[in-house]
Amino acid sequence: MPEIKTDDVYIELGKHPKAGFATDDMILQMGPQHPSTHGVLRIECVTDGEIIKKATCHIGYLHRCFEKHAENVMWQGVIPFTDRMDYLASMGQNFSYVITVEKLMGIEVPERAEYMRVITAELQRIASHLMAYGTYGMDIGAFTPFLWAFREREYVLDLFEKLCGARLLYNYMWIGGVSHDVYDGFAEECMSFLDTFERVVFEEFNPILTYNKIFIERTANVGILSPELAIDYGITGPCLRGSGVDWDLRRDDPYSIYDRFDFEVITGKGEMGTVGDCWDRFMVRVLEMIESVKIIRQALQQMPEGPIMNEKIKKVIRVPAGRVYGRTEAPRGELGYYLISDGKGRGPNRLKARSPCFSNLSVLEEISRGCMLADLIAIIGSLDIVLGCVDR
Amino acid sequence: MVQGEFVMTIEEIYKKLRKSFGGTILESDLEVLEPVVGIEPQSIAEVSGFLKNEPDLKFTSLMCLSSVDLDEENLQVVYHLHSMDHNHKIILGVIIPKNAAKIPTVSGVWRTANWHEREAFDLMGVEFEGHPDHRRILCPDDWEGHPLRKDYVVQEMYNGLPVPYPKEEDD
Amino acid sequence: MIQAEYYNIFVKIIDQLAVLDFLPPVWKFILASVIAALVFFHVIAIFALVAIWVERKVAGHIQDRLGPMETGWHGVLQTLADAIKLLIKEDIIAGGIDRRLFVLAPVIVFMTALAVFVVFPVGENFIVSDLNIGILYIVAISTLVVPGIIMAGWSSNNKWSLFGAMRSAAQIVSYEVPVGLAIVCAVMAAGSLSMQTIVESQAGGFWNWFIFSKFPFGFIAFFIYFVASLAEINRTPFDLPEAESEIVAGYMTEYSGMRWSFFFLAEYGNMLAVGAIATTLFLGGWQTPISLLSFIPGPVWFTAKTMFLVFVHIWLRWTLPRLRVDQLMYMCWKVLTPFAFVSIFGIGLWMTF
C-alpha cells in the first residue's frame, strides 16, 4: 500500500494550512442575452474575480446563411438581404453591393443618383455613429446621452422615411441608380438638420459624455489596439483609424464620387491616453459625424438635375461572367462583397460578404486579456459591432 | 499613408512570384477583370509569408478570404490581399479537390485569417491544416454538412427538432 | 411613562389620550412604537411612490422627453399602477436557490432602511426616539444592509448576483470609513452624538450650519459625506452592484415582483435617509435659514432640505457615467479618506482654539 502523505491530501482538498483556500477560475457566460453585448453575442469569460483571463467569443446566434439565400434570388433580390446584414447602416450595405454589381456589369450610374447615394450613405453614417455614441454611453453607465443621440437619429430617419418610405431597412439603392428621387424641400430640411446637428455635437454631446471625467477614466488606456495589431487582425473603419492608422477607403481607394469632396480623415491621437484606446475609437466616431456633415453639405450644393436610374437596366438583369470584389467604407469599416457570376443564372453564383464587424470582433480575445469585467464591456462597445453583420 | 509610390501592377507581382517560387505559381489569365493568381495548395502559406514580408510587396492586410464551390470536383479558396503601404492589390486562388479539401492555414501570417478560415471550414468544408482553433464558427458545433456547397442537403432533424420550415398544407 | 424624557411625539400623543388610560404604561409604549413604525413605513412607501415618479419625470426632462404622461395628471399615478402590477405579479422563486435566504434577504435590506428613521429629528419635538448615541446608531444599523445583500447574492445561485453582492459588500464596507469620518466632523463640532443636540447646536441662521460655520472644513466634510453616501446606497456614479450593462442587475437579478420591489423601496428609503442625515448633520436639520422665515414650521424645512438633496441624487444619476471597481476603491481610500482626516484635524483645531 503506497504511503499517503497527509500534506498531499490536504493540498488537494485545498485545506492545507499552507495552501490557503482552494481557488478556481470562474467561467462566466456573458450573453447571448445580456444588456450590453449589443445583440446575441456570447462571450465565454474565464474570470479571476473581476479580472478577465480569457474571453472567447461564440457567434452565430443570428446566422441566416445570407450567402446561400443570395445564390437563390435575382441580382436585385439580394439588396433587401444586404439591408438586414447591418440593420443600423442599411444604406452603406446597399451601396457596397450595388457598386460591386455595377463594377461587374461595367455600367455607369447617372450623376444625380451618385449624389443621392453619397448623401444617403453619409446621413446613414451619422445615424449609425449616433447609435454607437448612445449605446457606448449606456455601456459606461450614462443613460442620458443615449436618448439625446436617439433624438438626433430620429431626424435622419424622418428624412429617410420621407425619401423612400422606410425607416430602417430601405432597399433604396438599386442596381443602376436609386429607387426614389428627392422630394421637394429635401435639401432645405437636410441643411437645417445639419446646422443644428453640428451645434448639438459640440454643445451637448461632447460636454455630457466625451469630455466627462469619469467617462475618460473609464475609456482612456483601456483596450489598447496597436496599429500593427489592428492591421494584422483586419480591423477597419473607425476602429482602425482610432489606432492612428490614416486609412479611409473614401479617400485612399475612392469609389463612387467621393474624390470630389473635401473632407478630413479622422485618426486617433491618444489625446486622453494611449493611441488606440477605447476613447480614441469613440472620438473618431464623434468627429467623423462632423466630416459627414461636411460631405453632405458639399453634395447638396453640387447635386445636378437629371435621371436617377440608368435607362439600360432591364427588369431582369444579365450580368456577364466574371468575378469582382467591391469594397466601400461602411460606417463600421470596410464592407466587401465578392461576387461570382457565371453569366447564365439570374443571380450571383457565389456571394461572399466580408463584413467589418466580423473582423473587428475577432480582436476582442486579444485585447481583452487581463482587463476587468467592466473594461470588457467598454471594449465591446468601442468596437461597435452589430451582430446581424457579424453573423450574416 | 504613403500612396502610389511603389505601386506594382499585377503583372509585376506575378513575375516576382514566379521568380521566387517557380512552378508552385500556376499559369494564370491576367487579362480578365480582377485576375486571380493560381497557387499550388501546399505552398500557400509560404507564398503568403513572402507576400507579407517582402519590402516592396508588403501585403499587410488580408481583405477577404472566400471559399468558392467551383464545380463538381473542386473547391477554391480565394485570398484578397492589399498593401496599405504601397496601395496595391493581388488576388490569390487555390484550387483543391472536394474529396480532400485540405490546405495549410495562413492564420500565422495574417491573424484575421483565423476567423475567416473557420468560416470557410464551417460553411464550405475546407479544412485548414495547422489552424490554432479549428472549430465551426457560425453554425452549431454539431451541425451536419457545409451549407454553402452546391450539393448541400439540409438535415431533417437537429437535436430532435425538424430543421426545414414546415410547408403549409394546401386546403 | 418609560423614556418619557425623550421627545417622543408618539409617546406624548398616546399619553395624552384619555381613552387609553386603562392601558398600563408598558402597553402604551408598545402601542406608540407600533404606530411610529407604521407611520415611518408609510412615509417611506409614499416617499418612494412620489420619488419614483419625480425620478422618472426628472429623467424624462433631462433626456428631452416627457416621462410618464398617461396615468393620471402628468402620470402621477404611474408608480401606483406599477406597484399594483408588482403586487399581483407571480412570485418566481427559481429552482436551485437557497429558498430561506432568498426570502429573508429583501426583508433584512428593507428593515435596515426602515430602522434608521427612528432617530431623525424631523421637527423640534418631532422625533421617535432621541437616542443619546443617535448618529452611532445610524452608522451601526446601515451597515446591517451588507448581510442582506450578500444573502441575496449568494442564495440566488447566479454568478451575476454573486458579482453584484460582492461588489456591493466591498463598496459599502469601504465607504463606511469616509462616511464615518465625515460624521465625526459634525459630531466634533456639535460635541454630541444625539441627533437633536446636533441640530440644536446649529441654530440661529444658515451661517451657523456646519457646512458654513466651520468653512472650509465643514464644507469638505459635507462633500465627503454626500459623495460617500451616494456610494453607500449604490446610486450612480457608484451603482456598480446593480450596473445593468455589466452584471445585468447585480444581486437583484433573480428577484421579481414584490420581493424585488422591497429592494427598490429600500433604495429609495436609503436615498431619503442619507438626505436626512446630511440635512441633520450639516444643513441645520429643521432650523430656519434666516430668522425672518421662522414662521415656517421645522418639519417643512427639514423635508425641503432633504428633498433638495434627493433631487441632487436624481440629477447626478441621469448625468454621470459609472466608475470602475478599482477607481471606486481609489476614490474611497486615496481621495475621500485622507481629505476626511484633514477635515477632522481642521475642525479639531477650530474647536480647540
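**How the chains of this model meet**

Between chain A and chain B there are 8 salt bridges, a salt bridge being a side-chain nitrogen of Lys or Arg within 4 Å of a carboxyl oxygen of Asp or Glu. By class, the side of chain A that touches chain B has 17 nonpolar, 8 polar and 18 charged residues, where Ala, Val, Leu, Ile, Met, Phe, Trp, Tyr, Cys and Pro count as nonpolar, Asp, Glu, Lys and Arg as charged, and the others, Gly among them, as polar. One of the salt bridges joins D253(A) to K89(B), with the closest N and O atoms 3.0 Å apart.

This is a predicted model, in which local features need pLDDT of at least 70 and side-chain atom pairs count only at pLDDT 80 or more, while totals for chains, interfaces and linings use all residues. Residues are numbered from 1 along each chain as its sequence is written, chains are lettered from A in the order in which they are written, and side-chain values use heavy atoms, with hydrogens and water left out.

Contact here means heavy atoms within 4.5 Å, and of the 2 pairs of chains in contact, chains A and B share the most contacts. Chain B and chain C, by comparison, are joined by no contact, and their closest C-alpha atoms lie 25 Å apart.

The contact between chains A and B takes 43 residues from chain A and 40 residues from chain B. The area buried between these two chains is about 3600 Å², of which carbon and sulfur atoms give 55%; buried area is the accessible area (1.4 Å probe) that two parts lose on being put together, summed over both. Of the area that chain A buries against chain B, D232(A), R323(A) and F358(A) supply 18%, more than any other three residues. F358(A) also has R392(A) over the face of its ring, at 4.9 Å from the ring centre, and a charge sits over a ring if NZ of Lys or CZ of Arg is within 6 Å of the ring centre and within 35 degrees of the ring normal.

Rings also pair with one another: rings of Phe, Tyr and Trp (its six-membered ring) pair if their centres lie within 6.5 Å, with planes under 30 degrees apart counted as stacked, over 60 as edge-to-face and the rest as tilted. Over all chains, the count comes to 33 aromatic pairs. Among them, Y258(A) and F261(A) are edge-to-face, at 6.4 Å centre to centre and 80 degrees between the planes.
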